[in-house]
Amino acid sequence: MTDENRAADLWREAAPRVLARLVRGYGSARFDLCEDAVQEALLDAHRQWPSGSPDDPLGWLTATARRRFVDRVRSDARRRDREERAARLHPPVHPEAAERDDSLLVLQLCCHPELPRAGRVALTLRAVAGLTTAQIAGVYQLPERTIAQRITRAKRALAATGRALPRPEHAAERLTSVLDVLYLMFTEAHHTTGGAPPRDADLAAEAIRLARSLRDSVPDSAEVAGLLALMLLTEARQPARIGPGGALRPLDEQDRSLWDRALIAEGTALVERVVAGAEPGPYLLQACIAALHAEAPDTDRTDWEEILVLYRLLESVTGHANPTITLNRIVAQAMVHGDAAGLAALDELAARSPGLPRLEAVRAHLLERSGRGEEAVAAYRRAIADAVGLAEQRHLRSRLRRLAPGDG
Amino acid sequence: MKYVIMMQVDPAVMENLTEEQQQRIGEGHGAFMSEIKESGEFVATQALADPSRSRVVRSGSDGPEVTDGPFAESKEYLGGFYLVDVENEARALELAKRIPDANVPGLALEVRPVLFADLGDG
(Lines give C-alpha, C1' and ligand atoms only; values in the text may rest on other atoms or scores of the structure.)
Protein backbone atom coordinates (compact mmCIF):
# COMPACT_ATOMS: atom_id res chain seq x y z
CA MET A 1 0.00 0.00 0.00
CA THR A 2 1.39 3.40 -0.94
CA ASP A 3 1.65 6.25 1.51
CA GLU A 4 -1.04 8.05 -0.41
CA ASN A 5 -3.43 5.11 -0.07
CA ARG A 6 -2.67 4.83 3.62
CA ALA A 7 -3.39 8.51 4.09
CA ALA A 8 -6.63 8.24 2.11
CA ASP A 9 -7.73 5.28 4.25
CA LEU A 10 -6.94 7.19 7.39
CA TRP A 11 -9.00 10.16 6.30
CA ARG A 12 -11.85 7.94 5.19
CA GLU A 13 -11.98 6.24 8.55
CA ALA A 14 -11.87 9.54 10.36
CA ALA A 15 -14.58 11.22 8.30
CA PRO A 16 -17.70 9.67 9.88
CA ARG A 17 -16.30 10.20 13.37
CA VAL A 18 -15.65 13.86 12.65
CA LEU A 19 -19.13 14.16 11.17
CA ALA A 20 -20.61 12.51 14.27
CA ARG A 21 -18.86 15.04 16.51
CA LEU A 22 -20.25 17.93 14.51
CA VAL A 23 -23.75 16.49 14.36
CA ARG A 24 -23.74 15.80 18.10
CA GLY A 25 -22.79 19.39 18.70
CA TYR A 26 -24.84 21.25 16.13
CA GLY A 27 -27.85 18.96 15.84
CA SER A 28 -29.00 16.66 13.09
CA ALA A 29 -31.13 19.43 11.57
CA ARG A 30 -27.75 20.89 10.47
CA PHE A 31 -26.62 17.55 9.07
CA ASP A 32 -26.21 18.95 5.56
CA LEU A 33 -24.01 21.83 6.71
CA CYS A 34 -22.01 19.48 8.92
CA GLU A 35 -21.47 17.04 6.06
CA ASP A 36 -20.40 19.80 3.70
CA ALA A 37 -17.97 21.04 6.35
CA VAL A 38 -16.45 17.56 6.74
CA GLN A 39 -16.09 17.21 2.96
CA GLU A 40 -14.28 20.54 2.87
CA ALA A 41 -12.06 19.55 5.76
CA LEU A 42 -11.17 16.35 3.90
CA LEU A 43 -10.25 18.39 0.84
CA ASP A 44 -8.10 20.60 3.05
CA ALA A 45 -6.45 17.48 4.39
CA HIS A 46 -5.71 16.19 0.89
CA ARG A 47 -4.17 19.53 -0.01
CA GLN A 48 -2.14 20.05 3.14
CA TRP A 49 -1.12 16.50 3.96
CA PRO A 50 -0.49 14.88 0.59
CA SER A 51 1.80 12.13 1.78
CA GLY A 52 1.40 12.00 5.50
CA SER A 53 -0.79 13.22 8.29
CA PRO A 54 -0.62 15.33 11.43
CA ASP A 55 0.00 13.59 14.75
CA ASP A 56 -3.67 13.69 15.63
CA PRO A 57 -5.58 13.46 12.34
CA LEU A 58 -8.94 13.14 14.06
CA GLY A 59 -8.37 16.27 16.12
CA TRP A 60 -7.01 18.15 13.12
CA LEU A 61 -9.99 17.20 10.96
CA THR A 62 -12.48 18.00 13.70
CA ALA A 63 -11.00 21.44 14.30
CA THR A 64 -10.88 22.16 10.56
CA ALA A 65 -14.42 20.92 9.98
CA ARG A 66 -15.73 23.03 12.87
CA ARG A 67 -14.02 26.06 11.41
CA ARG A 68 -15.53 25.28 8.02
CA PHE A 69 -18.94 24.85 9.60
CA VAL A 70 -18.73 28.25 11.29
CA ASP A 71 -17.49 29.78 8.00
CA ARG A 72 -20.47 28.35 6.19
CA VAL A 73 -22.93 29.54 8.76
CA ARG A 74 -21.33 32.96 8.75
CA SER A 75 -21.50 33.22 4.97
CA ASP A 76 -25.20 32.53 4.96
CA ALA A 77 -26.36 36.12 5.29
CA ARG A 78 -30.00 35.43 5.96
CA ARG A 79 -29.39 33.19 8.93
CA ARG A 80 -26.15 34.74 10.05
CA ASP A 81 -26.94 36.01 13.50
CA ARG A 82 -29.14 33.23 14.72
CA GLU A 83 -26.98 30.41 13.38
CA GLU A 84 -23.67 31.83 14.37
CA ARG A 85 -24.84 32.36 17.89
CA ALA A 86 -26.06 28.79 17.97
CA ALA A 87 -22.77 27.54 16.58
CA ARG A 88 -20.79 29.46 19.15
CA LEU A 89 -23.10 28.71 22.04
CA HIS A 90 -23.15 24.98 21.36
CA PRO A 91 -19.72 23.79 20.41
CA PRO A 92 -19.48 20.03 19.95
CA VAL A 93 -20.01 18.42 23.33
CA HIS A 94 -17.80 15.70 24.80
CA PRO A 95 -15.72 15.28 21.67
CA GLU A 96 -13.88 12.41 23.30
CA ALA A 97 -16.97 10.60 24.57
CA ALA A 98 -18.59 7.62 22.91
CA GLU A 99 -15.95 7.29 20.22
CA ARG A 100 -17.01 3.74 19.53
CA ASP A 101 -20.52 4.97 18.71
CA ASP A 102 -19.47 7.73 16.34
CA SER A 103 -19.61 5.73 13.14
CA LEU A 104 -22.83 4.12 14.30
CA LEU A 105 -24.47 7.48 14.92
CA VAL A 106 -23.70 8.71 11.42
CA LEU A 107 -24.75 5.36 9.94
CA GLN A 108 -28.08 5.57 11.71
CA LEU A 109 -28.64 9.09 10.43
CA CYS A 110 -27.74 8.16 6.84
CA CYS A 111 -30.02 5.11 6.99
CA HIS A 112 -32.88 7.00 8.59
CA PRO A 113 -36.11 5.24 7.57
CA GLU A 114 -37.65 8.51 6.43
CA LEU A 115 -35.01 9.14 3.77
CA PRO A 116 -35.65 7.99 0.19
CA ARG A 117 -34.16 4.53 -0.25
CA ALA A 118 -31.70 5.36 -3.05
CA GLY A 119 -30.62 8.40 -1.05
CA ARG A 120 -29.81 6.31 2.03
CA VAL A 121 -27.27 4.22 0.15
CA ALA A 122 -25.68 7.19 -1.63
CA LEU A 123 -25.42 9.21 1.57
CA THR A 124 -24.00 6.25 3.50
CA LEU A 125 -21.35 5.68 0.83
CA ARG A 126 -20.31 9.30 0.96
CA ALA A 127 -20.67 10.30 4.60
CA VAL A 128 -19.69 6.97 6.21
CA ALA A 129 -17.65 5.09 3.63
CA GLY A 130 -15.99 8.30 2.47
CA LEU A 131 -16.38 7.66 -1.28
CA THR A 132 -16.50 10.64 -3.61
CA THR A 133 -19.66 11.42 -5.57
CA ALA A 134 -17.77 10.46 -8.75
CA GLN A 135 -16.85 7.06 -7.31
CA ILE A 136 -20.44 6.38 -6.28
CA ALA A 137 -21.60 7.42 -9.75
CA GLY A 138 -19.09 5.01 -11.28
CA VAL A 139 -20.27 2.12 -9.13
CA TYR A 140 -23.89 2.64 -10.07
CA GLN A 141 -23.20 3.78 -13.64
CA LEU A 142 -25.21 6.93 -13.09
CA PRO A 143 -24.30 10.54 -13.92
CA GLU A 144 -22.46 12.30 -11.11
CA ARG A 145 -25.19 14.92 -11.01
CA THR A 146 -27.83 12.28 -10.33
CA ILE A 147 -25.86 10.97 -7.35
CA ALA A 148 -25.17 14.52 -6.11
CA GLN A 149 -28.88 15.23 -6.31
CA ARG A 150 -29.75 12.08 -4.34
CA ILE A 151 -27.29 13.08 -1.63
CA THR A 152 -28.69 16.61 -1.51
CA ARG A 153 -32.25 15.33 -1.25
CA ALA A 154 -31.32 12.84 1.45
CA LYS A 155 -29.61 15.54 3.49
CA ARG A 156 -32.57 17.84 3.05
CA ALA A 157 -34.95 15.08 4.18
CA LEU A 158 -32.75 14.50 7.19
CA ALA A 159 -32.78 18.17 8.09
CA ALA A 160 -36.57 18.12 7.74
CA THR A 161 -36.94 15.27 10.22
CA GLY A 162 -35.57 17.68 12.80
CA ARG A 163 -34.69 15.65 15.84
CA ALA A 164 -33.30 12.75 13.88
CA LEU A 165 -30.69 11.76 16.46
CA PRO A 166 -31.67 8.24 17.43
CA ARG A 167 -33.32 7.79 20.78
CA PRO A 168 -32.54 4.64 22.75
CA GLU A 169 -36.11 3.31 22.53
CA HIS A 170 -35.83 3.25 18.74
CA ALA A 171 -32.47 1.52 18.75
CA ALA A 172 -33.68 -1.82 17.38
CA GLU A 173 -35.74 -0.33 14.59
CA ARG A 174 -32.94 2.00 13.56
CA LEU A 175 -30.43 -0.84 13.61
CA THR A 176 -32.63 -2.89 11.25
CA SER A 177 -32.68 0.00 8.81
CA VAL A 178 -28.87 0.20 8.91
CA LEU A 179 -28.55 -3.56 8.33
CA ASP A 180 -30.92 -3.41 5.38
CA VAL A 181 -29.00 -0.55 3.74
CA LEU A 182 -25.68 -2.36 4.14
CA TYR A 183 -27.12 -5.59 2.76
CA LEU A 184 -28.67 -3.74 -0.17
CA MET A 185 -25.28 -2.20 -0.88
CA PHE A 186 -23.70 -5.64 -0.79
CA THR A 187 -26.23 -7.38 -3.04
CA GLU A 188 -26.16 -4.49 -5.50
CA ALA A 189 -22.41 -4.92 -5.68
CA HIS A 190 -22.81 -8.45 -6.95
CA HIS A 191 -25.57 -7.39 -9.26
CA THR A 192 -23.89 -4.36 -10.84
CA THR A 193 -20.45 -5.88 -11.23
CA GLY A 194 -21.65 -9.20 -12.66
CA GLY A 195 -19.48 -9.72 -15.70
CA ALA A 196 -18.24 -6.14 -15.78
CA PRO A 197 -14.60 -5.17 -15.28
CA PRO A 198 -13.65 -4.22 -11.71
CA ARG A 199 -13.97 -0.55 -10.84
CA ASP A 200 -11.93 1.56 -8.49
CA ALA A 201 -14.54 1.48 -5.75
CA ASP A 202 -15.62 -1.98 -4.71
CA LEU A 203 -19.12 -1.78 -3.28
CA ALA A 204 -18.94 -5.24 -1.69
CA ALA A 205 -15.69 -4.36 0.07
CA GLU A 206 -17.26 -1.12 1.32
CA ALA A 207 -20.31 -2.97 2.64
CA ILE A 208 -18.08 -5.48 4.46
CA ARG A 209 -15.92 -2.70 5.88
CA LEU A 210 -19.01 -0.90 7.18
CA ALA A 211 -20.44 -4.12 8.62
CA ARG A 212 -17.14 -4.76 10.45
CA SER A 213 -17.21 -1.28 11.90
CA LEU A 214 -20.85 -1.73 12.87
CA ARG A 215 -19.94 -4.93 14.69
CA ASP A 216 -17.29 -3.04 16.63
CA SER A 217 -19.97 -0.54 17.67
CA VAL A 218 -22.67 -3.11 18.49
CA PRO A 219 -20.74 -6.25 19.50
CA ASP A 220 -23.72 -7.83 21.26
CA SER A 221 -26.11 -7.89 18.33
CA ALA A 222 -26.48 -11.36 16.79
CA GLU A 223 -28.06 -9.83 13.69
CA VAL A 224 -25.08 -7.55 13.10
CA ALA A 225 -22.76 -10.55 13.46
CA GLY A 226 -25.12 -12.51 11.20
CA LEU A 227 -25.03 -9.85 8.51
CA LEU A 228 -21.24 -9.65 8.58
CA ALA A 229 -20.94 -13.45 8.45
CA LEU A 230 -23.45 -13.63 5.59
CA MET A 231 -21.43 -11.09 3.63
CA LEU A 232 -18.12 -12.87 4.28
CA LEU A 233 -19.51 -16.27 3.33
CA THR A 234 -21.15 -14.92 0.18
CA GLU A 235 -18.07 -12.94 -0.82
CA ALA A 236 -15.98 -16.10 -0.37
CA ARG A 237 -17.79 -17.71 -3.31
CA GLN A 238 -17.35 -14.70 -5.57
CA PRO A 239 -14.23 -15.98 -7.41
CA ALA A 240 -16.23 -19.04 -8.54
CA ARG A 241 -19.45 -17.22 -9.40
CA ILE A 242 -18.59 -15.93 -12.85
CA GLY A 243 -17.19 -18.31 -15.45
CA PRO A 244 -15.15 -17.51 -18.54
CA GLY A 245 -17.21 -15.40 -20.95
CA GLY A 246 -19.08 -13.76 -18.07
CA ALA A 247 -21.71 -16.43 -17.52
CA LEU A 248 -23.09 -16.84 -14.03
CA ARG A 249 -22.09 -20.11 -12.36
CA PRO A 250 -24.78 -21.43 -10.03
CA LEU A 251 -23.77 -23.12 -6.79
CA ASP A 252 -23.91 -26.66 -8.21
CA GLU A 253 -21.52 -25.79 -11.05
CA GLN A 254 -18.97 -23.80 -9.05
CA ASP A 255 -15.40 -24.97 -8.65
CA ARG A 256 -15.31 -24.95 -4.86
CA SER A 257 -11.53 -24.95 -4.77
CA LEU A 258 -11.80 -21.31 -5.88
CA TRP A 259 -13.74 -20.36 -2.76
CA ASP A 260 -11.86 -18.09 -0.38
CA ARG A 261 -11.10 -20.34 2.59
CA ALA A 262 -9.97 -17.52 4.86
CA LEU A 263 -13.26 -15.66 4.43
CA ILE A 264 -15.18 -18.90 5.00
CA ALA A 265 -13.24 -19.63 8.18
CA GLU A 266 -13.91 -16.13 9.48
CA GLY A 267 -17.60 -16.20 8.57
CA THR A 268 -18.17 -19.68 9.98
CA ALA A 269 -16.38 -18.85 13.23
CA LEU A 270 -18.54 -15.75 13.59
CA VAL A 271 -21.74 -17.76 13.13
CA GLU A 272 -20.62 -20.39 15.63
CA ARG A 273 -19.72 -17.76 18.18
CA VAL A 274 -23.09 -16.02 18.19
CA VAL A 275 -25.60 -18.69 17.19
CA ALA A 276 -25.92 -20.42 20.57
CA GLY A 277 -28.76 -18.86 22.50
CA ALA A 278 -29.32 -16.11 19.96
CA GLU A 279 -32.77 -15.11 18.86
CA PRO A 280 -32.84 -16.27 15.23
CA GLY A 281 -33.09 -13.15 13.06
CA PRO A 282 -33.15 -13.07 9.27
CA TYR A 283 -29.48 -12.24 8.74
CA LEU A 284 -28.18 -14.80 11.21
CA LEU A 285 -30.40 -17.48 9.65
CA GLN A 286 -29.12 -16.68 6.17
CA ALA A 287 -25.57 -16.77 7.50
CA CYS A 288 -26.23 -20.23 8.98
CA ILE A 289 -27.45 -21.43 5.56
CA ALA A 290 -24.41 -19.91 3.84
CA ALA A 291 -22.15 -21.63 6.38
CA LEU A 292 -23.72 -25.03 5.62
CA HIS A 293 -23.07 -24.52 1.90
CA ALA A 294 -19.54 -23.36 2.63
CA GLU A 295 -18.59 -26.50 4.51
CA ALA A 296 -20.12 -28.93 1.96
CA PRO A 297 -17.74 -30.53 -0.57
CA ASP A 298 -20.45 -30.46 -3.28
CA THR A 299 -24.22 -30.09 -3.78
CA ASP A 300 -24.92 -33.80 -3.16
CA ARG A 301 -23.07 -33.83 0.12
CA THR A 302 -24.79 -30.73 1.45
CA ASP A 303 -26.98 -30.85 4.54
CA TRP A 304 -30.16 -29.94 2.65
CA GLU A 305 -32.42 -31.15 5.48
CA GLU A 306 -30.90 -28.64 7.85
CA ILE A 307 -31.02 -25.96 5.15
CA LEU A 308 -34.71 -26.67 4.59
CA VAL A 309 -35.39 -26.29 8.32
CA LEU A 310 -33.51 -22.97 8.34
CA TYR A 311 -35.40 -21.66 5.30
CA ARG A 312 -38.72 -22.53 6.93
CA LEU A 313 -37.62 -20.65 10.03
CA LEU A 314 -36.52 -17.74 7.85
CA GLU A 315 -39.92 -17.64 6.14
CA SER A 316 -41.55 -17.64 9.53
CA VAL A 317 -39.46 -14.82 11.07
CA THR A 318 -40.00 -12.68 7.95
CA GLY A 319 -43.76 -13.22 8.09
CA HIS A 320 -43.87 -15.21 4.81
CA ALA A 321 -43.67 -11.84 3.07
CA ASN A 322 -40.60 -12.43 0.88
CA PRO A 323 -41.27 -14.71 -2.13
CA THR A 324 -37.54 -14.98 -2.93
CA ILE A 325 -36.97 -16.72 0.41
CA THR A 326 -39.82 -19.09 -0.44
CA LEU A 327 -38.20 -19.78 -3.82
CA ASN A 328 -34.95 -20.69 -2.09
CA ARG A 329 -36.85 -22.87 0.36
CA ILE A 330 -38.36 -24.72 -2.60
CA VAL A 331 -34.89 -25.42 -4.02
CA ALA A 332 -33.99 -27.06 -0.68
CA GLN A 333 -37.35 -28.83 -0.57
CA ALA A 334 -36.69 -30.39 -3.98
CA MET A 335 -33.29 -31.63 -2.78
CA VAL A 336 -34.86 -33.24 0.31
CA HIS A 337 -38.28 -34.40 -0.92
CA GLY A 338 -37.68 -34.78 -4.63
CA ASP A 339 -38.21 -32.72 -7.76
CA ALA A 340 -41.95 -33.50 -8.01
CA ALA A 341 -42.53 -31.95 -4.58
CA GLY A 342 -40.43 -28.95 -5.62
CA LEU A 343 -42.36 -28.45 -8.87
CA ALA A 344 -45.70 -28.62 -7.06
CA ALA A 345 -44.53 -26.00 -4.57
CA LEU A 346 -43.34 -23.83 -7.47
CA ASP A 347 -46.78 -23.88 -9.08
CA GLU A 348 -48.25 -22.63 -5.84
CA LEU A 349 -45.64 -19.87 -5.54
CA ALA A 350 -46.02 -18.83 -9.21
CA ALA A 351 -49.75 -18.39 -8.67
CA ARG A 352 -49.08 -16.12 -5.71
CA SER A 353 -46.09 -14.19 -7.12
CA PRO A 354 -46.32 -14.04 -10.90
CA GLY A 355 -43.14 -12.82 -12.62
CA LEU A 356 -40.91 -13.54 -9.59
CA PRO A 357 -37.27 -13.33 -10.75
CA ARG A 358 -35.49 -16.73 -11.04
CA LEU A 359 -38.72 -18.72 -10.55
CA GLU A 360 -38.74 -20.00 -14.14
CA ALA A 361 -35.02 -20.73 -13.91
CA VAL A 362 -35.59 -22.96 -10.87
CA ARG A 363 -38.52 -24.60 -12.63
CA ALA A 364 -36.43 -25.24 -15.75
CA HIS A 365 -33.69 -26.80 -13.66
CA LEU A 366 -36.09 -29.12 -11.81
CA LEU A 367 -37.82 -30.12 -15.07
CA GLU A 368 -34.47 -30.85 -16.69
CA ARG A 369 -33.42 -33.00 -13.75
CA SER A 370 -36.73 -34.89 -13.91
CA GLY A 371 -36.04 -35.75 -17.56
CA ARG A 372 -38.91 -33.57 -18.83
CA GLY A 373 -36.78 -32.08 -21.60
CA GLU A 374 -39.40 -30.32 -23.70
CA GLU A 375 -41.02 -28.61 -20.74
CA ALA A 376 -37.57 -27.65 -19.49
CA VAL A 377 -36.75 -26.01 -22.84
CA ALA A 378 -39.93 -23.93 -22.64
CA ALA A 379 -39.16 -22.98 -19.03
CA TYR A 380 -35.56 -21.99 -19.92
CA ARG A 381 -36.92 -19.69 -22.66
CA ARG A 382 -39.24 -18.03 -20.16
CA ALA A 383 -36.37 -17.79 -17.66
CA ILE A 384 -34.14 -16.07 -20.27
CA ALA A 385 -36.89 -13.51 -20.91
CA ASP A 386 -37.27 -12.93 -17.14
CA ALA A 387 -33.52 -12.60 -16.42
CA VAL A 388 -32.48 -9.37 -14.71
CA GLY A 389 -28.81 -9.47 -15.74
CA LEU A 390 -26.60 -10.38 -18.68
CA ALA A 391 -24.55 -12.95 -16.75
CA GLU A 392 -27.71 -14.78 -15.74
CA GLN A 393 -28.97 -14.72 -19.34
CA ARG A 394 -25.73 -16.20 -20.62
CA HIS A 395 -25.88 -19.01 -18.11
CA LEU A 396 -29.50 -19.85 -18.96
CA ARG A 397 -28.77 -19.80 -22.69
CA SER A 398 -25.91 -22.25 -22.26
CA ARG A 399 -28.19 -24.57 -20.28
CA LEU A 400 -30.80 -24.29 -23.01
CA ARG A 401 -28.25 -25.04 -25.72
CA ARG A 402 -27.26 -28.20 -23.89
CA LEU A 403 -30.87 -29.39 -23.93
CA ALA A 404 -31.87 -28.13 -27.38
CA PRO A 405 -28.75 -27.69 -29.54
CA GLY A 406 -29.26 -25.03 -32.18
CA ASP A 407 -32.27 -23.48 -30.47
CA GLY A 408 -30.51 -21.29 -27.91
CA MET B 1 -33.10 -0.22 -11.41
CA LYS B 2 -32.60 1.35 -14.78
CA TYR B 3 -35.45 1.50 -17.26
CA VAL B 4 -35.64 2.85 -20.77
CA ILE B 5 -38.82 4.73 -21.58
CA MET B 6 -39.09 4.65 -25.36
CA MET B 7 -41.24 7.18 -27.19
CA GLN B 8 -43.14 5.52 -30.00
CA VAL B 9 -43.94 8.15 -32.56
CA ASP B 10 -46.49 8.06 -35.37
CA PRO B 11 -45.65 10.65 -38.08
CA ALA B 12 -49.31 11.06 -39.05
CA VAL B 13 -50.18 11.97 -35.46
CA MET B 14 -47.27 14.41 -35.26
CA GLU B 15 -48.37 16.15 -38.49
CA ASN B 16 -51.84 16.76 -37.19
CA LEU B 17 -50.82 18.42 -33.94
CA THR B 18 -51.71 22.09 -33.61
CA GLU B 19 -48.98 24.62 -32.93
CA GLU B 20 -50.32 24.98 -29.43
CA GLN B 21 -50.31 21.23 -28.80
CA GLN B 22 -46.72 20.98 -30.02
CA GLN B 23 -45.66 23.74 -27.73
CA ARG B 24 -47.41 22.12 -24.80
CA ILE B 25 -45.68 18.82 -25.53
CA GLY B 26 -42.32 20.56 -25.71
CA GLU B 27 -42.90 22.34 -22.41
CA GLY B 28 -44.17 19.12 -20.87
CA HIS B 29 -40.91 17.35 -21.75
CA GLY B 30 -38.94 20.23 -20.26
CA ALA B 31 -40.91 20.06 -17.03
CA PHE B 32 -40.60 16.28 -16.94
CA MET B 33 -36.81 16.49 -17.28
CA SER B 34 -36.53 19.05 -14.49
CA GLU B 35 -38.69 16.93 -12.27
CA ILE B 36 -36.69 13.71 -12.66
CA LYS B 37 -33.40 15.56 -12.36
CA GLU B 38 -34.61 17.05 -9.10
CA SER B 39 -35.73 13.63 -7.82
CA GLY B 40 -32.36 12.04 -8.68
CA GLU B 41 -33.85 9.58 -11.17
CA PHE B 42 -32.58 11.06 -14.43
CA VAL B 43 -29.80 9.30 -16.34
CA ALA B 44 -30.06 10.48 -19.94
CA THR B 45 -32.41 11.34 -22.76
CA GLN B 46 -32.00 11.39 -26.52
CA ALA B 47 -34.28 12.36 -29.40
CA LEU B 48 -33.70 10.49 -32.65
CA ALA B 49 -33.87 11.76 -36.23
CA ASP B 50 -36.52 10.60 -38.66
CA PRO B 51 -36.12 6.94 -39.63
CA SER B 52 -35.75 8.00 -43.27
CA ARG B 53 -32.22 8.95 -42.21
CA SER B 54 -31.52 5.47 -40.89
CA ARG B 55 -28.89 3.26 -42.46
CA VAL B 56 -28.98 -0.41 -41.67
CA VAL B 57 -25.82 -2.48 -41.28
CA ARG B 58 -26.14 -6.24 -41.41
CA SER B 59 -24.06 -9.22 -42.42
CA GLY B 60 -23.86 -9.95 -46.12
CA SER B 61 -21.93 -12.37 -48.29
CA ASP B 62 -18.76 -10.20 -48.14
CA GLY B 63 -19.01 -9.06 -44.55
CA PRO B 64 -21.25 -6.29 -43.20
CA GLU B 65 -23.45 -4.50 -45.78
CA VAL B 66 -25.02 -1.07 -45.51
CA THR B 67 -28.52 -0.42 -46.83
CA ASP B 68 -30.89 2.54 -46.70
CA GLY B 69 -34.05 2.86 -44.74
CA PRO B 70 -35.41 1.70 -41.43
CA PHE B 71 -34.79 -1.79 -40.13
CA ALA B 72 -38.45 -2.67 -40.01
CA GLU B 73 -41.26 -1.21 -42.12
CA SER B 74 -43.84 0.14 -39.74
CA LYS B 75 -45.87 3.26 -39.25
CA GLU B 76 -44.59 3.89 -35.74
CA TYR B 77 -40.94 4.43 -34.98
CA LEU B 78 -38.65 5.09 -32.04
CA GLY B 79 -38.59 8.87 -31.69
CA GLY B 80 -36.37 9.01 -28.66
CA PHE B 81 -36.00 7.73 -25.13
CA TYR B 82 -35.48 8.55 -21.50
CA LEU B 83 -33.09 6.47 -19.41
CA VAL B 84 -34.10 6.60 -15.74
CA ASP B 85 -32.93 4.92 -12.55
CA VAL B 86 -35.87 4.22 -10.26
CA GLU B 87 -36.89 2.12 -7.28
CA ASN B 88 -39.07 -0.34 -9.24
CA GLU B 89 -41.21 -0.92 -12.31
CA ALA B 90 -44.24 0.75 -10.76
CA ARG B 91 -42.26 3.98 -10.44
CA ALA B 92 -41.00 3.71 -14.05
CA LEU B 93 -44.61 3.41 -15.24
CA GLU B 94 -45.65 6.31 -13.06
CA LEU B 95 -42.95 8.43 -14.72
CA ALA B 96 -43.95 7.27 -18.21
CA LYS B 97 -47.49 8.45 -17.54
CA ARG B 98 -46.19 11.95 -16.85
CA ILE B 99 -44.54 12.27 -20.27
CA PRO B 100 -46.78 14.46 -22.45
CA ASP B 101 -46.94 11.77 -25.17
CA ALA B 102 -48.96 9.64 -22.77
CA ASN B 103 -51.87 12.04 -23.22
CA VAL B 104 -51.72 12.27 -27.01
CA PRO B 105 -53.93 9.71 -28.77
CA GLY B 106 -51.87 7.73 -31.29
CA LEU B 107 -48.55 8.10 -29.44
CA ALA B 108 -47.25 5.60 -26.92
CA LEU B 109 -44.44 4.90 -24.49
CA GLU B 110 -42.70 1.58 -24.11
CA VAL B 111 -41.04 0.84 -20.76
CA ARG B 112 -38.34 -1.84 -20.56
CA PRO B 113 -35.75 -2.79 -17.91
CA VAL B 114 -32.04 -2.34 -18.64
CA LEU B 115 -29.81 -5.41 -18.19
CA PHE B 116 -26.42 -3.77 -18.41
CA ALA B 117 -25.19 -0.19 -18.52
CA ASP B 118 -21.82 1.45 -18.98
CA LEU B 119 -21.90 5.22 -19.14
CA GLY B 120 -18.24 5.43 -20.00
CA ASP B 121 -16.92 7.11 -16.84
CA GLY B 122 -16.20 4.03 -14.73
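Q: What makes the span of helix α10 (residues 203-217) of chain A agree with its 15 residues?
A: In this predicted model, the end C-alpha atoms of α10(A) are 21 Å apart. The expected span is 1.5 Å times one less than the number of residues, and for the 15 residues of α10(A) that gives 21 Å, so the two agree.

Q: Which residues of α10(A) are buried, and what makes them so?
A: They are A:Leu203, A:Glu206, A:Ala207, A:Ile208, A:Leu210, A:Ala211, A:Leu214 and A:Ser217. The label requires 20 or more other C-beta atoms within 10 Å of the residue's own.

Q: Why is A:Arg402 called exposed?
A: A:Arg402 has 11 other C-beta atoms within 10 Å. The cut-off for exposed is 12 or fewer, so A:Arg402 is exposed. This residue lies in helix α20 (residues 390-403) of chain A.

Q: Why are α17(A) and α18(A) called roughly antiparallel?
A: The axes of α17 (residues 339-352) and α18 (residues 359-369) of chain A cross at roughly 155° and come within 10 Å. Angles over 145 degrees count as roughly antiparallel, so α17(A) and α18(A) are roughly antiparallel to each other. Their crossing is left-handed.

Q: Which residues make the contact of α17(A) with α18(A)?
A: From α17(A) come A:Asp339, A:Gly342, A:Leu343, A:Leu346, A:Leu349 and A:Ala350. From α18(A) come A:Leu359, A:Val362, A:Arg363, A:Leu366 and A:Arg369. By class, this contact of α17(A) with α18(A) has seven nonpolar, one polar and three charged residues. Gly counts as polar.

Q: What residues meet where α2(A) touches α8(A)?
A: A:Phe31, A:Asp32 and A:Glu35 of α2(A) meet A:Lys155, A:Arg156, A:Leu158 and A:Ala159 of α8(A). The residues of this contact divide into three nonpolar, no polar and four charged.

Q: How many residues of chain B are in contact with chain A, and which elements contribute?
A: 14 residues of chain B are in contact with 14 residues of chain A. On the chain B side, α2 (19-38) and β2 (42-47) are the elements that give two or more residues. That side has six nonpolar, two polar and six charged residues.

Q: What is the secondary structure of each chain?
A: Chain A has 20 helices and zero strands. Chain B has three helices and six strands, in the order β-α-α-β-β-β-β-α-β along the sequence. The C-alpha atoms of chain B fill a box of roughly 50 × 45 × 25 Å along the principal axes.

Q: How many residues does each chain have, and what percentage of them count as buried?
A: Chain A has 408 residues, of which 43% count as buried. Chain B has 122 residues, of which 16% count as buried.

Technical notes: Residues numbered from 1 in each chain as written. Chains lettered and ligands numbered in written order. Predicted model: local features only at pLDDT ≥ 70, side-chain atom pairs only at ≥ 80, totals over all residues. Axes fitted to C-alpha atoms, helices over the stretch in contact; angles between N-to-C directions. Helix = DSSP H or I, 4+ residues; strand = E, 2+ residues; numbered from the N terminus. Parallel < 35°, antiparallel > 145°, perpendicular 65-115°, else oblique. Left-handed = near helix turned anticlockwise from the far one by under 90°. Contact = placed C-beta atoms within 7 Å.
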